[in-house]
Amino acid sequence: MKNNFRFINNLFVVIFFYSVVNLHSQPQWKREETNDNIPLMLFHSTHVINMPTTETLQKGDLEFEVSHRFVPTIQNGIKNMFGFDGPANIKLGLSYGITDNLLLGLNRTNVNDNYELFIKHRFIEVEDSDLPFVIGVKTSVALNSEVLGKKTFASENFQYYLTIIFNTMYEKKIALGFVPSLLINSYLPGINKNYSIIFGTYLQYYLSPSFSLATEWSPTFYGIRNKYNSLSFGFELETGGHFFKIILTNNQNLNLSQFLGGADIPSTFDNWRIGFNITRLLKL
Amino acid sequence: MINDKFYRILILIFILLFSIKINANEYVVKKTKNNLVKFISEAPVENFDGVTNNIDGYLYFEENFAKNSQLYFEVDLNTVDTGIGLRNRHMRENYLETDKYRYAIFSGKIISYNKINEKEFDVNLNGEMKIHGVTKNVSLTGKIFLVGNELNIKSKFSVKLSDYNIEIPKLMFMKINEEIKLELDFFMMENKK
């Protein structure tokens with residue numbers, strides 16, 4: 001009986017050792033849980049129609065853009081092909097991702113031969129499933145190098161703007177932006193130095209990963225501007241390396257320094273102008 | 001008394017027998033920038049590849065590579081870089097759906113190996129590949145190089161996107177080949193734990 005007890009006791013010891021040894025001989029590797037390391041991306045494009053989003057480019061990426069705004073409105077109909085007969089305002093833009101959060105770019109339009117040098121930086125990112133948001137800033141100096149009756153580098157030809165960009169997204173479908181902006185020399189024909197404060201707003205609705213609808217409403221809150229506030233609607237098609245945007249707008253301008261200054265015609269139904277943006281992303 | 005001694009000896013033998021298992025080897029992936037996992041899509045118009053060095057996992061075996069071997073490797077698909085930020089985003093969100101299926105996983109064992117020389121071995125693997133939530137049985141081949149105390153693992157194989165229910169984008173200017181070639185080249189070190 002005593003021996004029996006010992007045997008059972010010893011058996012336990014054996015089982016114990018066996019399990020320890022066996023445990024030891026199992027792979028010990030464990031996954032180190034890490035964050036997903038993905039930047040919070042709300043909008044897809046660096047700008048919706050004209051107004052900037054907080055999106056920047058991945059470090060080393062290059063974005064090339066060609067955009068048109070046809071000056072004649074659609075109200076003349078087929079007579080000038082709804083504006084396609086021209087004339088057209090044209091923008092060529094090049095942006096480069098210095099870091100994942102810092103963007104440097106140069107834009108050129110044929111309106112007053114405008115050069116716009118800008119930087120954009122996204123600096124606050126809150127990943128919250130209910131209310132994710134990103135805050136960024138875009139600032140620029142622009143030169144209108146050919147203004148009628150003025151010398152190329154006349155100080156009135158320079159424009160400066162500062163925009164603070166707030167972006168959020170609802171249900172991964174509806175992206176919203178609010179862009180309070182200060183524009184110096186908002187009205188170029190003005191004789192005195194002038195400025196304006198604009199509350200840019202926009203909404204983009206993502207129908208699918210590739211298709212979305214967008215609208216922008218950018219009222220001037222204070223200061224001197226062109227006659228009317230800008231209203232735009234757009235349709236966006238995206239392919240992973242390209243953006244195609246077809247636009248209806250009352251504002252014929254492209255570079256933000258010019259666009260923020262306001263529109264020359266009201267945003268009524270027969271005043272729409274057709275435009276498009278085409279963007280190509282490249283790796284430098 | 002005799003009985004007692006007998007049991008003690010028996011126990012000792014048991015312990016010694018099981019202790020041999022401690023000789024098992026476990027290697028884990030060394031976290032280094034030299035690790036490379038490359039996805040290659042070859043298409044008529046545009047080749048592109050996705051690269052990451054974010055591979056992790058272990059290789060376990062006893063005495064030799066094929067004995068009681070277990071291996072497990074996972075690649076963090078969130079970290080695959082195709083060169084263009086927006087393309088990475090498309091890949092993550094629309095095709096690989098990494099919010100649901102973050103890791104591509106291979107788990108299996110070495111079924112046989114062939115010693116080429118003291119530092120080089122060919123291995124045949126059998127196991128399960130899990131990508132995009134779909135698990136498939138696969139057989140792979142690889143090479144193990146002994147580099148000092150470390151192992152350098154190399155393998156090349158290809159996966160069919162349709163096998164893993166990964167949709168191939170229809171609307172795009174960047175064509176993706178249905179068959180993606182994979183190249184792995186990474187380092188493992190002994191697990192000190």
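**Pockets and aromatic contacts in the predicted model**

Helix 2 of chain B makes the largest contribution to the lining of the largest pocket, supplying 5 residues. The model is predicted, and the volume of this pocket is computed as about 970 Å³. The pocket is lined by 32 residues, of which Met41(A), Lys172(A), Arg89(B), Glu93(B) and Asp99(B) are the closest to its centre. Two or more lining residues are given by strand 6 (158-170) of chain A and by helix 2 (85-96) of chain B. By residue class, the lining comprises 15 charged, 10 nonpolar and 7 polar residues.

The second largest pocket has a volume of about 480 Å³. Its lining consists of 27 residues, and those closest to the centre are Pro39(A), Met41(A), Gln58(A), Asp100(A) and Gly85(B). Strand 1 of chain A and helix 2 of chain B each provide at least two residues of this lining. Here, too, the largest share comes from helix 2 of chain B, with 5 residues. The lining of the second largest pocket divides into 11 polar, 8 nonpolar and 8 charged residues.

Over all chains, the structure holds 18 aromatic pairs. In one of these, the ring centres of Phe43(A) and Tyr202(A) are 5.3 Å apart and the planes lie at 80°, so the pair is edge-to-face. This pair links distant parts of the chain, 159 residues apart: Phe43(A) belongs to the loop between helix 1 (2-24) and strand 1 (61-70) of chain A, whereas Tyr202(A) belongs to strand 8 (residues 195-206) of chain A. Both Phe43(A) and Tyr202(A) are buried.

In chain B, Tyr58(B) and Tyr72(B) form a stacked pair, with a distance of 6.0 Å centre to centre and an angle of 15° between the planes. Because Tyr58(B) lies in strand 4 (residues 55-61) and Tyr72(B) in strand 5 (residues 70-76) of chain B, the pair ties together parts that are 14 residues apart in sequence. Tyr58(B) has a relative accessible area of 13% and is therefore buried; Tyr72(B), at 16% relative accessibility, likewise counts as buried. An aromatic cluster is formed by Tyr27(B), Phe61(B), Phe65(B), Tyr113(B) and Phe121(B).

Charged side chains also meet aromatic rings in chain A. The charged end of Arg108(A) is placed over the ring of Tyr115(A), at 4.6 Å from the ring centre. For Lys138(A), the charged end sits over the ring of Phe118(A), 4.2 Å from its centre.

Note on methods
Residues are numbered from 1 along each chain as its sequence is written. Chains are lettered from A and ligands numbered from 1 in the order in which they are written. This is a predicted model: local features need pLDDT of at least 70, side-chain atom pairs count only at pLDDT 80 or more; totals for chains, interfaces and linings use all residues. Side-chain values use heavy atoms; hydrogens and water are left out. Rings of Phe, Tyr and Trp (its six-membered ring) pair if their centres lie within 6.5 Å; planes under 30 degrees apart count as stacked, over 60 as edge-to-face and the rest as tilted. Helices (H or I, at least four residues) and strands (E, at least two) are DSSP runs, numbered from the N terminus. Buried means under 20% relative accessible area, exposed over 50%, partly exposed in between (1.4 Å probe, protein chains only). A charge sits over a ring if NZ of Lys or CZ of Arg is within 6 Å of the ring centre and within 35 degrees of the ring normal. On a 1 Å grid over the protein atoms alone, a cavity is a set of points where a 1.4 Å probe fits but cannot get out, and a pocket is an open set with protein on both sides within 12 Å along at least five of seven lines; lining residues have an atom within 4 Å of a point. Grid points are joined across faces, edges and corners, and a volume is the space filled by probe spheres set on the points. Ala, Val, Leu, Ile, Met, Phe, Trp, Tyr, Cys and Pro count as nonpolar, Asp, Glu, Lys and Arg as charged, and the others, Gly among them, as polar.
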